[in-house]
Amino acid sequence: MIMKNPYRPILTTIEKITIENEARDLKTFRLAFSDDSQASDFHFQCGQFAELTVFGVGECPIGIASSPMDENFLEFTVKRYPDGLVTNALHNCPVGTSIGVRGPLGNCFPMERMEGKNVLIVGGGFAFTTLRATIQYMLHEANRAKYNDLTLVYGARSPGELLYKEELEQWQGRNDINTHITVDKGDENWKGKEGFVPAVLEQVAPSSKDTITLVCGPPIMLKFTLPVLTKLGFGSDEIITSLEMRMKCGIGLCGRCNIGSKYVCRDGPVFTYKQIQALPAEF
Ligand SMILES: Cc1cc2nc3c(=O)[nH]c(=O)nc-3n(C[C@H](O)[C@H](O)[C@H](O)COP(=O)(O)OP(=O)(O)OC[C@H]3O[C@@H](n4cnc5c(N)ncnc54)[C@H](O)[C@@H]3O)c2cc1C
Ligand code: FES
């Protein structure tokens, strides 16, 4: 049997690019597989990531922003760091560019554990990407009946910084997901909520009974969201997040991403707060 080389990326092509925000530093890349066999071999689950290669430049880990139910393409929403080697190069790639994809990597959100339960999703800023994939997955007609009440609290700095604007509007029009979108500060056209995500979460006050929560956002949002969730009655095993660390191999071999005995690339990136509390204090 021929062993698959875990460092060898599969070939994809940029099929579509969506500029997500006013600052134009967040783009969603839709990647099409170069052949059908690669599409059928790439089985991933919500919450996983992949290493994206810009050939001749390098690779970097990015969460998969599309749903596993969409089998013919992958989407990644990437923030461009002006001094970032790969993200900057990726943002300069036009439609038609070949991109390498190594993965899927890491663990995933506990989709089976969430079946039969209510799911609360709390997202802030551009860390919303894998949560978006998870919402798409749960709302799919083949899956919606597996989950009870779905509640989303999602916020960004300003209306122009909200990701996936058309989809947010569609979700707001559905009656099988409770959607609470907020911005730190609105503009003259903004008719929605204003306020930080933790404050809006406290106002919405979703029940913690039979509920699992997925929370992804910048560290400051997580810091103020956790006490609110605790006040609402969520235990540390019912709060699940995804960690971002600098990575290299992405497969648990180089030791670049460890926290104590855990490798974020292999044992994560998805962890419960109970697991995070058991990690070394310096984290
Ligand atoms: C599991 C996982 C999922 C991720 N998902 C996404 C995603 O969906 N979308 C997205 O835009 N990004 C995501 N990231 C972050 C992304 O991997 C980094 O932004 C990327 O590696 C930067 O690469 P670069 O070559 O452009 O930057 P580099 O040239 O490596 O660095 C440029 C600058 O950015 C800083 N920097 C780079 N990466 C990080 C980091 N992880 N934390 C803090 N500072 C950093 C460096 O210190 C430096 O100042 C994810 C990271 C992980 C580990
Ligand atoms: S990135 Fe190499 S061990 Fe995690």
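A polar contact is a pair of N or O atoms within 3.5 Å. The views below show a predicted model.

**View 1. Polar contacts of ligand 1 with Leu85, Val86 and Thr87.** An N or O atom in the side chain of Thr87 lies 2.6 Å from an oxygen atom of ligand 1. The backbone also takes part: a polar backbone atom of Val86 is 2.8 Å from an oxygen atom of the ligand, and a backbone N or O atom of Leu85 is 2.9 Å from an oxygen atom of ligand 1. Of the 910 Å² of accessible area that ligand 1 has on its own, the protein covers 76%.

**View 2. The shell of residues around ligand 1.** The ligand is surrounded by 20 residues, of which Pro61, Thr77, Lys79, Thr87 and Arg246 are the closest. Two or more residues of this shell come from each of strand S4 (58-63), strand S5 and helix H2 (85-91). Strand S4 makes the greatest contribution, with four residues. Sorted by class, the shell comprises 11 nonpolar, five polar and four charged residues.

View 3. Phe76 counts as buried because its relative accessible area is 0%, where the cut-off is under 20%. Beyond its neighbours within four places in sequence, Phe76 is in contact with Lys27, Thr28, Phe29, Leu31, Ala50, Leu52, Ile62, Gly63, Ile64 and Ala65. Lys27 and Phe76 are 49 residues apart in sequence, with a C-alpha to C-alpha separation of 8.1 Å.

Terms used
Residues are numbered from 1 along each chain as its sequence is written. Chains are lettered from A and ligands numbered from 1 in the order in which they are written. This is a predicted model: local features need pLDDT of at least 70, side-chain atom pairs count only at pLDDT 80 or more; totals for chains, interfaces and linings use all residues. Side-chain values use heavy atoms; hydrogens and water are left out. Buried means under 20% relative accessible area, exposed over 50%, partly exposed in between (1.4 Å probe, protein chains only). Contact means heavy atoms within 4.5 Å. A residue is near a molecule or strand if one of its heavy atoms lies within 4 Å of it. A polar contact is a pair of N or O atoms within 3.5 Å; within protein, one must be able to donate a hydrogen and the other to accept it, and residues adjacent in sequence count only if both atoms are side-chain atoms. Accessible areas come from the Shrake-Rupley method with a 1.4 Å probe; for residues, only the protein chains shown count as cover. Ala, Val, Leu, Ile, Met, Phe, Trp, Tyr, Cys and Pro count as nonpolar, Asp, Glu, Lys and Arg as charged, and the others, Gly among them, as polar.
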